[in-house]
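Try each task yourself before you read its solution.

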Amino acid sequence: MKKQHIASTVFTIAALAIAGCEKKSPQEAAAGGEAPSTIAKGVPLNTEFPPELIEGTPQPMDVPNLVQALVEPPKLLVPESTTLLSKGKMVTGSEESPLIGELSLITDGDKEAGEGYYVELSGGPQWVQIDLEQSAEVSAVWVWHFHSQKRAYNDVVIQISDDAEFKTGVTTIYNNDYDDSSKLGKGSDSPYVESRFGLLVDAKGAKGRYVRLHSQGNTSNDSNHYIEVEVHGKAL
Amino acid sequence: MKTESSVISRRDFIGKTAGGIGAGLVLGAPSILRASQDEAADKIHVALVGFGKQGKVLLDAMSNIPGLHFQAICDIWDYNLKGGIAKVRALQGHTPKGYADIDEMLATEKSLDAAIVATPDFWHSPHTIKCLEAGLHVYCEKMMANTIDAARAMVRAMEKTGKLCQIGHQRRSNPRYRYTLEQLIKGKNICGQIVNINGQWNRAVSSSQDIGYNPKLAIKPEILARYGFKDMHQFMNWRTYRDLSGGPISDLGAHQIDIFNWFLGVSPKSVFASGGNDYFKTREHFDNVMTIFDYETPQGGVRAFYQVLTTTSAGGGYYESFMGTEATINISERSAYTNIYRESSAPPWDDLVSRGFLKRQAAAPKVQSADAIASYESAAPEAYALPGDLSKPPHQPHLENFFDAVRGKAALNCDARHAFESEAPIYWVNPSALSRQPINLTAEHLSV
């Protein structure tokens, strides 16, 4: 599990200063009840949301700058030609045999919170990768890790590339690994609490055939989970 | 591992040392028997009986405890079983054997030392007794059983077999709770006379919905029927059915009412409860329950109010509050809900703070109000916090205590007899609510 963060007044003040002069992500904007602040033109991106189902006893979440669980859908304007590209596409991962479930659950369209809808990978840094079968201009990636308990996943990094090995031409569209513990580079996105509304990431038209999602455990246990990932964009 | 030349087998050693300690010693009793270095390094062979949500929580907590070998997993749902096997393989690098049926597991696995029982409540007693009679020490999740007679049978089985049986009231091993009871309440009499208790566990509707499952993974009806379930909904949501569980007062309330009885050191004399299906109209169990227990302690009478609401999160989550003439302790598994408040008339606690027993909290801002009624209120109590915090998963200390006891290095913090003494009043809450009558609790109600 990610090391405990030591709260720092300096850190907090610095974060507030940065927050005041940067555009907010769809997640942060929705958490603050604000309108999206990404592109001026386009159509709203929509998806179906699963019902809320929270189980069990909440676990402490000692994570800095944590964006609380959304109570309404995040909003994002995307180009009119945007479609769902990932449904039914092949998923591979850093672990061939997940602990629970199968990698295909990630693109099967089911976002329910119950048993049998999620895939669980072992502890430590793990990744899953969606093959869109052809290069695409990606508008957004929408991620549901696990939402039957309020928790935050550590070191969430989302990358897009035409290289299946992610050695060249990699665009990082989201990174909340604030201390670079995954060695993929230090990120400035805010960690967030999972909810049925998922994590919506503005991909800003990044190009690539493959989408890779990293994580490193969560605030409740060491494991890594995915219920569903949607990649929205336009095939090239 | 034990050598061939050893005089007694590992299992014999574990059994004899544990039997030597016996069940139900006082909290914090020093070890009577100690394993040798070789024995202490030996693995304890563990079976996981039931690998649903709670089974996973317990495995996560045990993953931090050295010296355990997870040898077998038993669950009637192939989905749970496969997941458990994979998680254990990832944890220990060795594949455990999987079983759907506990009888087959116990007949096959002859080198087991201990079982962790995390099946639905109505299976706790049969599974625990089977394991005890097979020569295993048992850690069984609370509530002990869905009926008081089934819980009684567990106590009798523990005492007849001489095996250890720890019940999963994990707060009994939580350093925060133990420190509060032993150092502050007993050691410093910090509350003065405890005159009232208040406890609650309030959950939002969103946290109380039926648990879903992917229908592609449903268990065959004949298997469900063999193990006492009408259908998959019952299997997933057994907590809402009267024949399978005690409902929210048992599922959530048992943890906290156990603390009432543990801290006071006595059982209540009466219970009066009210419950209803206020939101979840079709559930067999009440969704909201309120209960009053009356106690007689050596210091005087104590009334305790407990509510479990599965329809609202109002009121700040889950905690227990011990109100005394000199202080009130609010305590919870969550440190955020834990504070101690000194009455203005109580002796100062400067010495306790300087010696590290308490931490002073920042003073709360004074409320400025022109409200004339405010002048009749007592002065606001000063808030203090406990030193330190639990840095482990909440269940880990209780499991550590169990395995220490299996090794002969500790006494159980919550053996089945003590758990029964604490749980027995809870079995009378639903009958009181159903009859809308108070129940005077006699030895007949509370004894094994």
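**Exercise 1.** Find how many bridges join strand E3 of chain A to E11(A), and what is the bridge partner of A:Leu84.

*Solution.* Step one: strand E3 (residues 83-84) of chain A is joined to E11(A) by 2 bridges, and the two run antiparallel. Strands here are DSSP runs of at least two residues (E), helices are runs of at least four (H or I), and both are numbered from the N terminus. Two strands pair if DSSP finds at least two bridges between them. Step two: A:Leu84 has A:His232 in E11(A) as its bridge partner. Step three: strand E6 (residues 126-144) of chain A also runs antiparallel to E11(A), joined by 8 bridges, and A:Trp144 stands opposite A:Glu228. Step four: in strand E11 (residues 228-235) of chain A, 6 of the 8 residues are buried, so the rest of the structure largely encloses this strand. Buried means under 20% relative accessible area, exposed over 50% and partly exposed in between, with a 1.4 Å probe and protein chains only.

A word on the source: this is a predicted model, where local features need pLDDT of at least 70 and side-chain atom pairs count only at pLDDT 80 or more, while totals for chains, interfaces and linings use all residues. Residues are numbered from 1 along each chain as its sequence is written, chains are lettered from A and ligands numbered from 1 in the order in which they are written, and side-chain values use heavy atoms, leaving out hydrogens and water.

**Exercise 2.** Work out the strand order of the open sheet of 6 strands in chain B, and which strands stand at its edges.

*Solution.* Step one: the order is E3-E2-E1-E4-E5-E6 (chain B), with parallel pairing. Step two: strand E3 (97-99) and strand E6 (165-167) of chain B are at the edges; each has a single partner strand, so one side of each lacks a neighbour in the sheet. Step three: from one strand to the next, the twist averages 20 degrees. Angles run from 0 to 180 degrees between N-to-C directions, and axes are lines fitted to C-alpha atoms, for helices over the stretch in contact. Step four: look inside the sheet, where E4(B) and E5(B) pair in the parallel sense over 4 bridges and B:Ala114 stands opposite B:His137 in E5(B).

**Exercise 3.** At what angle do H6(B) and H7(B) pack?

*Solution.* Step one: helix H6 (residues 121-133) and helix H7 (residues 148-161) of chain B pack at about 10 degrees, their axes 9 Å apart. Step two: H6(B) and H7(B) are therefore roughly parallel to each other. Step three: among the residues that meet are B:His124 and B:Leu132 in H6(B) and B:Ala153 and B:Met158 in H7(B).

Terms used: Angles under 35 degrees count as roughly parallel, over 145 as roughly antiparallel, 65 to 115 as roughly perpendicular and the rest as oblique. Contact means heavy atoms within 4.5 Å.
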